[in-house]
Amino acid sequence: MDPLSWTWLVFIVSFVFVLLSYSPEVYNFLPHLIKDVVVYGKLLDPRKRTGIQQYLLVPKRWFVHFYILSFIWNGFILMNVVQCTLQGSVLPLWFSKMMSFLTSYPVSPPAVDLLTVLIAMAVIVIHAHRRIYECLAVSVYSNSSIHVTHYITGIFFYSFIGISIMAEGPNLSLKGTGEPIQLMDLVEDLRWHHIAGLLMFVWASWHHHIAHVIFASLRKTKKDVSRHMIPQGDWFDYVSCPHYLAETLIYTSLAVILGGHHRTWWLVLSFVFSNQTAASVKVHRWYQGKFEDYPKERKAFMPFVF
Ligand SMILES: NC(=O)c1ccc[n+]([C@@H]2O[C@H](COP(=O)([O-])OP(=O)(O)OC[C@H]3O[C@@H](n4cnc5c(N)ncnc54)[C@H](OP(=O)(O)O)[C@@H]3O)[C@@H](O)[C@H]2O)c1
């Protein structure tokens, strides 16, 4: 297994441990420093953190950095793939070297074709663009924080999702192998899984967006800014964290676009699933503890299941 796949695996295992640590027996025994790492945002009270712990927190509104990074970096990768496709050029040497160092690139035969890589990369860039808009123009943040390890994890995640997609795509680093491809020839490679994945992406993105609009609508005045209330409507009627569910569906839609043959992407998806379910379970318990009238039938992450 290559270094990037190992790293995804370590992250998956870590979040499975985070999930296990939510058992009260385990959690109560954790030192504050570790507790800060397993909870964040509204669950983490910075006033209870003293000494070095308070310096290890960064504002949660810095989430926007992840999406700006993703938009620029994954946009750069997409631009290079488009150039390789339409002009028959090759990837920059430093990028190919970095890919070979971190992943098994180039794999032979590739797990996915050029059109699939192009669609998947475009989806990642579109997602980043929408999230920048939401962070800057929709969401109303309080002064809540995240632990610096979450921040570093986010930077890692958005730096490596595009590379993960490229890892099992066609070899675009060999001079002389690339012939310019006409747009119409590419369209001939369109398959049902591209269409199904794109439809799923639009559906999940819509509900993801609505969840953030509902959160923002709970804080209409400056007075409300640090208050957390019970969200209602759309998928909130079924689960406490529809945005985490929708996020997981967005990354599942990419697995569909990739046709299910892309092993590295299954690792990325497992990581998203593990961290978003872990966060949902914790947030759900927090709502249940804070609000006596919290809807009893509402689940944490998966409607009617958990
Ligand atoms: N791909 C990944 O691995 C990954 C990992 C983490 C997050 N994400 C995505 O990033 C997005 C943001 O995540 P997050 O953890 O920051 O979400 P979050 O904690 O639910 O916060 C989202 C926004 O809603 C506000 N909010 C949350 N609960 C509220 C309530 N009960 N009442 C009023 N306002 C409320 C928050 O304000 P505060 O400032 O008060 O918190 C914040 O502005 C999510 O859509 C998530 O799916 C992705």
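Colleague: Which residues line the second largest cavity?

Modeller: Rolling a probe the size of a water molecule over the atoms shows where empty space is left. On a 1 Å grid over the protein atoms alone, a cavity is a set of points where a 1.4 Å probe fits but cannot get out, and lining residues have an atom within 4 Å of a point. Here Tyr-67, Ser-70, Val-123, Ile-124, His-127, Ala-128, Tyr-158, Ile-161, Phe-201, Ile-250, Tyr-251 and Leu-254 form the lining of the second largest cavity. This is a predicted model, in which local features need pLDDT of at least 70, side-chain atom pairs count only at pLDDT 80 or more, and totals for chains, interfaces and linings use all residues. Residues are numbered from 1 along each chain as its sequence is written, and side-chain values use heavy atoms, with hydrogens and water left out.

Colleague: At what angle do helix 7 and helix 8 cross?

Modeller: Two packed helices are described by the angle between their axes and the distance between the axes. Axes are lines fitted to C-alpha atoms, for helices over the stretch in contact, and angles run from 0 to 180 degrees between N-to-C directions. For helix 7 and helix 8 the crossing is at roughly 170 degrees, and the axes come within 10 Å. Helix 7 is therefore roughly antiparallel to helix 8 (over 145 degrees; under 35 counts as roughly parallel). In this contact (heavy atoms within 4.5 Å), Val-117, Ala-120, Met-121 and Ile-124 of helix 7 meet Ile-161, Gly-162, Ile-165 and Met-166 of helix 8. That contact has seven nonpolar, one polar and no charged residues.

Colleague: And how are helix 7 and helix 10 arranged, parallel or antiparallel?

Modeller: Helix 7 (residues 114–138) and helix 10 (residues 192–217) pack at about 10 degrees, their axes 11 Å apart, and are therefore roughly parallel. Among the residues in contact are Val-123, His-127 and Arg-131 of helix 7, and Phe-201, His-208 and His-212 of helix 10. By class, this contact has 10 nonpolar, eight polar and three charged residues.

Colleague: Where does Pro-109 sit?

Modeller: Pro-109 is in the loop between helix 6 and helix 7, and the peptide bond from Ser-108 to Pro-109 is cis, with omega near -5 degrees. Pro-106 is also placed in the loop between helix 6 (93–102) and helix 7; the bond to it from Tyr-105 is cis, with omega near 0 degrees.

Notes:
Helices (H or I, at least four residues) and strands (E, at least two) are DSSP runs, numbered from the N terminus. Angles under 35 degrees count as roughly parallel, over 145 as roughly antiparallel, 65 to 115 as roughly perpendicular and the rest as oblique. Ala, Val, Leu, Ile, Met, Phe, Trp, Tyr, Cys and Pro count as nonpolar, Asp, Glu, Lys and Arg as charged, and the others, Gly among them, as polar. On a 1 Å grid over the protein atoms alone, a cavity is a set of points where a 1.4 Å probe fits but cannot get out, and a pocket is an open set with protein on both sides within 12 Å along at least five of seven lines; lining residues have an atom within 4 Å of a point.
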